[in-house]
Structures are given as structure tokens and as C-alpha cells.
Amino acid sequence: MADQEFYVRYYAGHIGRYGHEFLEFEFRADGHCRYANNSNYRKDSLIRKENDDKWPRKNVVGKQELEIRLGNEHISFETAKLGSLMEVTDSADPEGLRVFYYLVQDLKCFIFSLIALHFKIKPI
Amino acid sequence: MSRYDNEIDLEPGVDNIAPDYMAVDSEARDGVRDDSHDYDRMDEDTTSTGGRAQRSVEGWIVIITGVHEEADEEAVMEKFAEYGDIKNLHLNLDRRTGYVKGYALVEYETHNEAKAAIEATNGTKFYDQTIYADFAFVRSTELATNCNTRRGMGIKGRANGRRDRSRSASPSRNGRR
């Protein structure tokens, strides 16, 4: 497993009054970590979409994406921004969306800790 | 090239001669071993470990994985204070369960303290679980050659909620929340 390519990428953003604003980060197996806030980003779309059929579609508020690659497994999810757990509970797939909701929070928590400790700044 | 127009430099203070650190071409990897000693040291320490680690703005960050979900901050603090004055400690919680996620980040002021903590605790038992400790930040030029040594630093996750739900709570958990 350690020899397989692995990365996790998360994106949350919207296009609004101030242009394309977003937060994006990525962890890679070789130890690289990328973090971006508020810039333009183009992604290729060769990735299998999975399990997000019943999740809220992206909307005017924006969208979130989570992409994970582990060897030949390459999955991605896209949904609307979730402001509260209520939106998760009220969705058509509360169980799946709840996993996504908490995983995203845990990932954010991790990268914000790393950034805060490394730079002594508060991200976002 | 960087895919981001506006990317934070994750390695403040690193030499400007460092190449684009997202580039992973084989030539760059091959070159690493030979010229790693040419880089300026951020610290007086000149051991191989010292050259590999990357200093953060105010100190050296150690990442500990395999931390038991019921470990508490005082216990982690106590264990790692043995090797130096802890400037900062992040023991993040699983947002869903409220238990420790499985990793801790500890900041020491000096490289020697961080190194001592890593050497003394890496692979040891803590709350009956093996923990792994290493520098959280390493020089980008060192990543290619050292990623192998960083294997197994997996952060305990519960991405699969279904598995989580099917697990019955152990008696010890019930008491806590």
C-alpha cells in the first residue's frame, strides 16, 4: 500500500461578487502538502464520480469537492457547501453525507493545525 | 509548475535555489542524495536528521501518530515535556466522536529537543498503542528520498462511517461521553 500513489484533495469555493474564491488543500504520500486560498484553479476531470448522486447539488452558495486517490482507486465527490449538520440530516443521503461532512472537518482541522504551527498564522 | 496562482510558501526560510517542490521528476530525486549537504543548516545541528528537518517560524514541530483515542492533553504534555519545553500542543479531536483523532503536533523551541523527543518516543507504546514520531516538516529536497522512512505515519481516520457505526462502543468509551 505504501508503494501506491496516494493523495487527498479538498476544495470548497464559489464564484461570486469577489470572483472565484476558494480554499483548497492536498496531502500527498511523499509528504508534500499544498494549500491554496482564493485563486483560480483548473482541474482535469478524468476521475470517477462516486456516491454523491443523492447529495445536494452545487448551488449559488458554492460547492465542495473531495478527491482521494490510492493506487488505482480514484474517487471524487462534489456537493453544495454544508453550513450545518441540519443540511446533512435533511439530505437524501444523510448517512453518506455525514461521513463526508466529518471527514472534511477532520482534514481541515489537520491542515489548519499544521499551518498555524508552521507559520504562526490563522488560515482563512 | 505550481497549479496554484496563489500558493503559500510552505517552507519559509528555505533557500531560494530550491526547485519547484511539486516537481517530482526522477532527475530531481536522483540529485537529492548527493547535494543535500550543500544546503544551509537552519540549526547548528549537522546530523543527517538535522538536515532533513524543516524549522517552522517559531520552533520545530513534531508529529506523533498512533495516539490512542482516549489519550488526554495532560498525558501527552507530560510525556513530551520530558524532552524539552513544549511551546505548543495540538491534540485534535475527531469531529464526529469527540475522541482524539489519532495524532498530536508538538512544538519545541530547539531542534535538539525535538530530535530527542522523536528518538525517544518513535515506535514506543503509549496507552498500549505504538506511537510514531517524526518531524512534521522536512525540507522539500529531502522528501523524495525520505518518504520511505515516513511510511506508516498514517493518521488514524474513520472515513468509513458505516464501519464506525457497526462497531459497538467499548465499555470504556461509554463513561466518557
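Me: What does it take for a residue of chain B to count as buried, and what share of them does?
Reply: Buried means under 20% relative accessible area. In this predicted model, 46% of the 177 residues of chain B count as buried. The accessible surface of chain B comes to about 9,400 Å², and carbon and sulfur atoms hold 46% of that surface.

Me: What makes up the secondary structure of chain B, and in which pattern?
Reply: Chain B has seven helices and six strands. Along the sequence they follow the pattern α-α-β-α-β-β-α-β-β-β-α-α-α.

Me: What share of the contacts in chain B with a separation of 6 or more joins residues 24 or more positions apart?
Reply: A contact requires heavy atoms within 4.5 Å. Among those with a separation of 6 or more, 70% involve residues 24 or more positions apart.

Me: Why are β2 and β6 of chain B said to stand at the edges of their sheet?
Reply: The sheet is open, has four strands in the order β2-β3-β1-β6 (chain B), and pairs them in the antiparallel sense. Strands β2 (86–90) and β6 (132–135) of chain B each have a single partner strand, so one side of each has no neighbour in the sheet. Neighbouring strands of this sheet are turned by 20 degrees against each other on average, direction ignored.

Me: What makes β1 and β3 of chain B a pair?
Reply: Two strands pair if there are at least two bridges between them. Strand β1 (residues 60–65) and strand β3 (residues 103–108) of chain B are joined over six bridges, in the antiparallel sense, and so meet this condition. V62(B) has V106(B), in β3(B), as its bridge partner.

Me: Which strands does helix α4 of chain B touch?
Reply: Helix α4 (residues 111–121) packs on the sheet and touches β1, β3 and β6 of chain B. Its direction makes about 155 degrees with that of β6(B).

Me: How do you know that the length of helix α2 of chain A agrees with expectation?
Reply: At 1.5 Å a residue, its 26 residues (94–119) should span 38 Å, and the end C-alpha atoms are 37 Å apart, which agrees. Just after α2(A), K120(A) takes a positive phi of about 55 degrees.

Me: Why is α2(A) called largely enclosed?
Reply: Of its 26 residues, 19 are buried, so the rest of the structure largely encloses α2(A).

Me: Which residues of the largest nonpolar core touch the most other members?
Reply: Of its 34 residues, these are F25(A), F27(A), L66(A), F100(A) and L105(B). The largest share of this core, 14 residues, comes from α2(A).

Key. Residues are numbered from 1 along each chain as its sequence is written. Chains are lettered from A and ligands numbered from 1 in the order in which they are written. This is a predicted model: local features need pLDDT of at least 70, side-chain atom pairs count only at pLDDT 80 or more; totals for chains, interfaces and linings use all residues. Side-chain values use heavy atoms; hydrogens and water are left out. Helices (H or I, at least four residues) and strands (E, at least two) are DSSP runs, numbered from the N terminus. Buried means under 20% relative accessible area, exposed over 50%, partly exposed in between (1.4 Å probe, protein chains only). Accessible areas come from the Shrake-Rupley method with a 1.4 Å probe; for residues, only the protein chains shown count as cover. The expected span of a helix is 1.5 Å times one less than its number of residues. Axes are lines fitted to C-alpha atoms, for helices over the stretch in contact, and angles run from 0 to 180 degrees between N-to-C directions. A nonpolar core is a set of buried Ala, Val, Leu, Ile, Met, Phe, Trp, Tyr and Cys residues joined through side-chain atoms within 4.5 Å.
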